[in-house]
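Student: I have just opened this entry and would like to find my way around. Could we go through it together?
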Amino acid sequence: MSHTTTEITLVEAVNQALAYAMQQDPDVIVLGEDVGTNGGVFRATAGLLDKFGADRVLDTPLAESMIAGASIGMAAQGLKPVCELQFMGFVLPAIDQLLSHAIRMRNRTRGRIGCPLVVRTPFGGGIRAPEHHAESFESLFAHSPGCKVVVASTPARAYGLLLAAIRDPDPVIFMEPMRVYRLVKQAVPDDGIALPLGRAFVLREGADVTLISWGASIQETLQTADELAKQGISAEVIDVASIKPLDTETLLRSVQKTGRCVIVHEAPRTCGFGAEIAAIISEQAIYSLVAPVQRVTGYDVQIPYFQLEKAYIPSVARILAAAKQTLELV
Amino acid sequence: MTEFDSSSRFSGKADKQYAFVIPHYQYLDKEGKPTQSLPNFAQDKAEMLRIYRALQWIRHFDQKAINLQRTGKMGTYPSVLGQEAISVGIGHAMQKDDVLVPYYRDIGAQYLRGLPMENILRYWGGDERGMAFAGLSESEDFPLSVPIASQCLHAVGIAKAFQYRKQKRAVVVTIGDGGTSQGDFYEALNLAGTWQAPVVFVINNNRWAISVPLSLQTHCQTLAQKGVAAGIPGIQVDGNDVVAVKQLMQEALHQAREGQGPVLIEALSYRLGDHTTADDASRYRPAGELEQAWIEEPVKRVQSYLSHQQWWDDNQEQALQAQIQEEVTAIVDSYLTTAAQSASAMFDHLYATLPDDLKIQREQALRFEGVSL
Ligand SMILES: Cc1ncc(C[n+]2csc(CCOP(=O)(O)OP(=O)(O)O)c2C)c(N)n1
Ligand SMILES: [Mg+2]
């Protein structure tokens with residue numbers, strides 16, 4: 001494997017991880033709508049068809065339930081299907097297969113048959129995409145026992161986490177924030193080293209308040225930390241990265257240190273994954289808190305068409321206001 | 001025609017067999033010459049001029065929409081270039097009280113059913129108001145559907161309501177060739193067949209589903225034959241021939257309204273543009289295919305027919321183009337001068353009455369509206 005030093009985008013890192021995994025393991029199969037000749041509508045699978053052939057890179061008919069269902073069968077045979085569902089909004093037709101079968105296969109065969117598939121899906125708003133192209137459904141899967149749910153937020157973490165997802169013996173929902181696909185570049189060595197699933201990443205250490213987020217909202221969360229720093233407030237920023245399993249230890253340790261917490265996510269508020277984190281904090285760290293936990297989330301509405309995306313997606317101003325509330329600065 | 005005979009694969013002697021015929025219809029060939037005796041409407045100059053005008057109008061509007069996207073004034077847009085005859089044929093065949101359940105390449109039918117086209121621009125321009133059907137609020141037509149094939153089932157439900165109320169009305173639902181791979185499509189065909197529901201299903205077979213060619217979508221020789229398994233008549237029409245589309249649609253709609261059940265129409269066309277403005281077909285479209293498809297395109301053949309009939313000349317053409325240009329420009333201007341919507345828009349129609357907790361969220365959204373950072 002070549003050790004690249006050129007900086008790459010998140011979508012290129014996904015591509016690099018897929019190529020590495022396919023090279024390393026002949027059982028890895030990539031399938032989905034437009035993943036072959038076109039290399040995916042976001043180019044995440046570009047070049048894979050040429051490199052690995054039409055036997056392993058499958059342009060499927062247009063049907064998500066079919067993609068998920070067929071992946072379950074392949075996975076049961078020990079193949080490692082990595083399917084792309086074109087946008088998270090179009091995960092919905094596949095939900096029956098994923099929630100009725102993929103996540104239950106191991107349990108209902110009492111460990112006899114596993115389901116090591118990966119569902120890759122771009123998610124979230126902010127790129128002026130049409131209706132149904134900007135959804136964030138992490139909670140739907142977090143609420144469904146038997147799968148893992150991973151959210152990439154940088155090129156390096158996308159590379160390492162995707163490799164881990166592909167090597168994992170259970171179904172993994174791998175969410176890629178479209179807004180970050182080409183936003184940042186990083187040098188990502190193509191070393192085949194996976195990052196552990198179930199671990200959160202402390203992106204910035206701080207003492208006064210803990211800011212917790214994942215996916216594209218990490219961008220605004222980090223900017224908020226910068227703003228707070230200008231005002232002499234030191235914020236710790238954590239990328240949850242693995243929604244399930246959740247690294248509660250890292251989250252709790254931080255909140256116990258700062259006593260204040262703001263959780264930021266793009267999905268609607270009610271039953272958003274922020275609610276789960278807030279519940280865990282109240283169960284296990286309530287005596288460390290000096291202020292109520294705050295959530296900055298999408299509103300409880302269908303994510304609006306793109307003109308109002310900005311008003312919907314948690315902004316620095318909203319995160320800042322929430323952080324100041326925990327600091328009693330308002 | 002190639003034979004499809006399941007008995008050829010098995011050794012025994014079949015004691016029964018069933019045969020199915022899928023016909024293909026064309027009235028005007030690519031030069032605009034009649035291939036069989038034409039229906040009355042096609043011999044009616046005024047009607048054919050109306051149809052031609054609609055085709056040209058849609059082509060013009062479509063190009064404007066692409067330009068708006070290219071200049072950053074609109075979002076992603078799916079062009080209908082090359083498929084105008086399907087949508088215009090549908091629009092011309094429907095009666096006012098029929099219901100249209102469109103997908104995203106049906107602006108011709110929507111236009112002919114009276115939808116002020118600013119709505120279309122607003123929708124693709126990321127404005128909630130695009131779905132308000134401003135200027136056509138009494139319409140029972142559905143808005144276009146983005147989740148592929150889901151609309152097919154809605155159409156059968158609407159048709160069931162017509163049946164239940166003993167109304168002589170019909171539903172038209174459209175879908176792309178790729179969409180026929182979805183379960184919802186088959187479920188809808190099956191249900192419509194079982195209920196003998198007054199639905200006409202129209203497949204716009206433009207040969208591509210983004211980058212996936214029909215050959216990777218199905219092993220079937222035709223998509224029309226998918227009706228056979230549901231007990232529904234399936235036919236193919238030349239989707240570049242607006243006379244064929246309108247004629248077959250009219251017959252199918254009439255049958256549906258008269259209680260003779262659903263029909264599946266596969267209209268063969270070609271996507272002359274990219275899938276949407278976010279796509280680049282040069283990445284996957286084989287060389288030469290586009291050039292060939294342009295020879296068959298639907299607008300020119302009507303123009304040729306009109307000329308053969310001596311119903312049309314260059315002056316008329318220029319006058320028409322100028323008129324359309326003016327109309328479309330007015331629509332674009334109206335779109336571009338639409339005042340921005342408030343953040344309240346994402347809450348306004350979520351429920352008949354907005355619950356109190358959401359009123360609090362709406363206030364918060366309004367408070368942060370326009371706050372920089
Ligand atoms: C359920 C679902 N899956 C995926 C998509 C993304 N998508 C939009 S259009 C399209 C291809 C549709 O092809 P076809 O049905 O042939 O219609 P065409 O666009 O060619 O008119 C895809 C995959 C979607 N809109 N809905
Ligand atoms: Mg198509």
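Tutor: We will take the sheet, then the helices on it, then the interface. Please keep in mind that this is a predicted model.

Student: In what order do the strands of the open sheet in chain A come?
Tutor: The order is 3-2-4-5-7-6-12, seven strands in an open sheet with mixed pairing. Strand 3 (57-59) and strand 12 (242-244) of chain A are the edge strands, each pairing on one side only. On average, neighbouring strands are turned by 20 degrees against each other, direction ignored.

Student: How many bridges join strand 4 and strand 5 of chain A?
Tutor: Three bridges join strand 4 (residues 80-84) to strand 5 (residues 118-123) of chain A, and the two run parallel. In one of them, A:V82 has A:V118 as its bridge partner.

Student: And which strands does helix 7 of chain A touch?
Tutor: Helix 7 (residues 155-167) of chain A packs on the sheet and touches strands 2, 4, 5, 6 and 7 of chain A. Its direction makes about 160 degrees with that of strand 7 of chain A.

Student: Changing topic: what area do chain A and chain B bury between them?
Tutor: They bury about 3300 Å², with 62% of it on carbon and sulfur atoms. In chain A, the residues losing the most area to chain B are A:L62, A:Y299 and A:Y305, together 20% of what that side buries.

Student: How many salt bridges cross that interface of chain A and chain B?
Tutor: The rule finds zero salt bridges there, but 11 residue pairs in polar contact.

Student: Which helix of chain A gives the largest share of the side touching chain B?
Tutor: Helix 12 of chain A does, with five residues.

Key:
Residues are numbered from 1 along each chain as its sequence is written. Chains are lettered from A and ligands numbered from 1 in the order in which they are written. This is a predicted model: local features need pLDDT of at least 70, side-chain atom pairs count only at pLDDT 80 or more; totals for chains, interfaces and linings use all residues. Side-chain values use heavy atoms; hydrogens and water are left out. Two strands pair if DSSP finds at least two bridges between them. Helices (H or I, at least four residues) and strands (E, at least two) are DSSP runs, numbered from the N terminus. Axes are lines fitted to C-alpha atoms, for helices over the stretch in contact, and angles run from 0 to 180 degrees between N-to-C directions. Contact means heavy atoms within 4.5 Å. Buried area is the accessible area (1.4 Å probe) that two parts lose on being put together, summed over both. A salt bridge is a side-chain nitrogen of Lys or Arg within 4 Å of a carboxyl oxygen of Asp or Glu. A polar contact is a pair of N or O atoms within 3.5 Å; within protein, one must be able to donate a hydrogen and the other to accept it, and residues adjacent in sequence count only if both atoms are side-chain atoms.
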